[in-house]
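Please consider the following note on charged side chains and their pairing.

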Amino acid sequence: MKIEKLSPTCNLDTIRDGRGGIFTFYPEDPIVEMNFNIVKTGKIRGNHYHPEFDEYYILTSGEGVLIYKDEETSKDEFIFMSRGTCT
């Protein structure tokens, strides 16, 4: 299992016009399931994965740390997440 931080594209005109920005993520694989998770402060969610499909997360508010185990080394790895981060 490899977890990656996705970077969005942005049409900068959507920022320049003063109304905000439109940031678009293009995942490589199809999205087969979509969830909306609410995690209470100080709590942990997850501790599992779905080998049959990719699972995408986009953080809409707050911040946190996504921890995963590197398949090759079995070491814990992490991605710091803040609002707008997509993995």
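This is a predicted model: local features need pLDDT of at least 70, side-chain atom pairs count only at pLDDT 80 or more; totals for chains, interfaces and linings use all residues.

1. Residues are numbered from 1 along each chain as its sequence is written, and side-chain values use heavy atoms, with hydrogens and water left out.

2. Side chains of opposite charge can pair when their charged atoms come close. The structure contains three salt bridges, a salt bridge being a side-chain nitrogen of Lys or Arg within 4 Å of a carboxyl oxygen of Asp or Glu.

3. Asp 13 and Arg 16 form a salt bridge, at 3.3 Å from N to O. Both residues belong to helix α1 (residues 13–16) and are three residues apart, about one turn of the helix; a helix here is a DSSP run of H or I with at least four residues. Asp 13 is partly exposed at 48% relative accessibility, whereas Arg 16 is exposed at 61%. Exposed means over 50% relative accessible area, buried under 20%, and partly exposed in between, for a 1.4 Å probe and protein chains only.

4. Arg 19 is joined to Asp 17 by a salt bridge of 2.7 Å, N to O. Arg 19 counts as exposed because its relative accessibility is 75%; Asp 17, at 39%, is partly exposed.

5. Which residue forms a salt bridge with Asp 76? The partner is Lys 69, and the closest N and O atoms are 3.2 Å apart. Asp 76 has a relative accessible area of 53% and is therefore exposed, while Lys 69, with 43%, is partly exposed.

Terms used. Helices (H or I, at least four residues) and strands (E, at least two) are DSSP runs, numbered from the N terminus.
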